[in-house]
Amino acid sequence: MFPIRDHNPSGRTPYVTYILMAANIAIFLSYVGIMQDARALNSFWYDWAIIPARISDGEAYHTLVSSMFLHGGFLHLAGNMLFLWIFGDNVEDALGHWRYLAFYIAAGVAAALAQYVMDPGSMIPTVGASGAIAGVMGAYLLLFPKAKVDILLIFIIFFRIFPIPAWIMLAVWFAMQFAGGIGTDPESGGVAYWAHAGGFVVGLLLALPFWLGKGGRDYWQRNDGLPPHPEAQYTLGKSRIPRVSRRRP
């Protein structure tokens with residue numbers, strides 16, 4: 001079960017979101033050729049990924065930023081870019097281009113620090129834009145809690161798309177990250193749950209002054225928690241595959 005789109009059209013072209021997506025894709029393509037070379041890849045991660053033990057030694061602070069533009073594989077990249085595509089344009093529309101860019105970088109750095117704090121002596125490299133994107137999701141929750149998000153549910157051979165309020169989807173996602181962080185040893189590697197949870201919380205807090213400036217709870221009440229514009233409507237077109245009628249015996 002994962003989100004595929006929202007019903008919340010943005011009022012301006014999300015240039016920063018597009019640039020961030022392009023940068024993540026271009027950087028991934030620049031080193032994808034060494035993904036099968038363990039020695040070269042480990043050397044690359046050492047230089048550009050967050051390694052908590054190096055931060056503890058007072059070095060490689062640049063990796064707090066560089067790591068958020070790296071990904072461990074195609075699916076890692078694709079999943080992050082999907083979430084950024086869905087939620088980034090509306091947060092950029094609300095904050096403005098430059099403030100959104102600063103917000104994104106700040107959320108990413110905070111997410112990296114959250115993961116670092118949980119195991120400052122770890123030598124396991126951490127990469128991915130998901131901490132920064134989690135911050136975007138936290139801001140989205142505060143600004144558009146009842147915006148509709150379409151969820152694709154896949155169960156064996158059955159699949160269905162259905163809309164749910166953003167606050168439900170985002171609350172469930174955050175709960176899963178928090179539970180994963182509690183139940184997983186940071187030294188085991190895998191998903192950086194605390195980066196996700198930390199980025200989400202920081203993103204929500206960074207968006208709080210903007211939300212209060214809009215009126216806080218009055219802002220929600222004016223639109224009942226929905227975006228302050230008509231929602232996008234989607235319809236599924238009819239399949240062009242011809243139907244063959246079944247003959248009766």
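Student: What is the relative accessible area of L208?

Tutor: The classes come first: buried means under 20% relative accessible area, exposed means over 50%, and partly exposed covers the range in between, with a 1.4 Å probe and protein chains only. L208 has a relative accessible area of 27%, so L208 is partly exposed. This is a predicted model, in which local features need pLDDT of at least 70 and side-chain atom pairs count only at pLDDT 80 or more, while totals for chains, interfaces and linings use all residues. Residues are numbered from 1 along each chain as its sequence is written, and side-chain values use heavy atoms, with hydrogens and water left out.

Student: Where does L208 lie?

Tutor: Helices (H or I, at least four residues) and strands (E, at least two) are DSSP runs, numbered from the N terminus. L208 belongs to helix α9, residues 193–213.

Student: Which strands make up the open sheet, and in what order?

Tutor: Two strands pair if DSSP finds at least two bridges between them. Here 3 strands form an open sheet in the order β1-β2-β3, and the pairing is antiparallel. β1 and β3 are the edge strands, each pairing on one side only. From one strand to the next the twist averages 30°; axes are lines fitted to C-alpha atoms, for helices over the stretch in contact, and angles run from 0 to 180 degrees between N-to-C directions.

Student: How many bridges join β1 to β2, and how many β2 to β3?

Tutor: Strand β1 (residues 2–6) is joined to strand β2 (residues 148–155) by 4 bridges. D6 stands opposite V149 of β2. Between β2 and strand β3 (residues 158–165) there are 8 bridges, and L153 has R160 in β3 as its bridge partner.

Student: Which helix lies across the three strands β1, β2 and β3?

Tutor: Contact means heavy atoms within 4.5 Å. Helix α8 (residues 166–183) lies across β1, β2 and β3, and runs at about 110° to β3.

Student: What should I look for in the backbone angles?

Tutor: Most residues other than glycine have a negative phi. In the hairpin of β2 and β3, with 2 residues between the strands, I156 takes a positive phi near 60°. A60 is not a glycine either, and has a positive phi of about 60°. A60 sits in the loop between α3 (52–56) and α4 (63–66), and counts as buried at 11% relative accessibility.

Student: How many salt bridges does the structure hold?

Tutor: Side chains of opposite charge can pair when their charged atoms come close. A salt bridge is a side-chain nitrogen of Lys or Arg within 4 Å of a carboxyl oxygen of Asp or Glu. The structure holds 3 salt bridges. One of them pairs D150 with R5, with the closest N and O atoms 2.6 Å apart. D150 lies in β2 and R5 in β1, so this pair ties together parts that are 145 residues apart in sequence. D150 is buried, at 3%, whereas R5 is partly exposed, at 23%.

Student: Which residues form a salt bridge with R12 and with E59?

Tutor: R12 pairs with D93, with the closest N and O atoms 3.1 Å apart. R12 is in the loop between β1 and α1 (15–31) and D93 in helix α5 (residues 74–95), so to speak distant parts of the chain, 81 residues apart. R12 is partly exposed, at 36% relative accessibility. E59 meets R54 at 3.0 Å, N to O. E59 is partly exposed, at 32%, whereas R54 counts as buried, at 13%.

Student: What is Q115 in contact with, leaving aside its neighbours within four places in sequence?

Tutor: Q115 is in contact with T126, A192, Y193, W194 and A195. A polar atom of the Q115 side chain lies 3.1 Å from the backbone nitrogen of A195. Q115 is in helix α6 (residues 97–118) and is buried, with a relative accessible area of 12%.

Terms used
A polar contact is a pair of N or O atoms within 3.5 Å; within protein, one must be able to donate a hydrogen and the other to accept it, and residues adjacent in sequence count only if both atoms are side-chain atoms.
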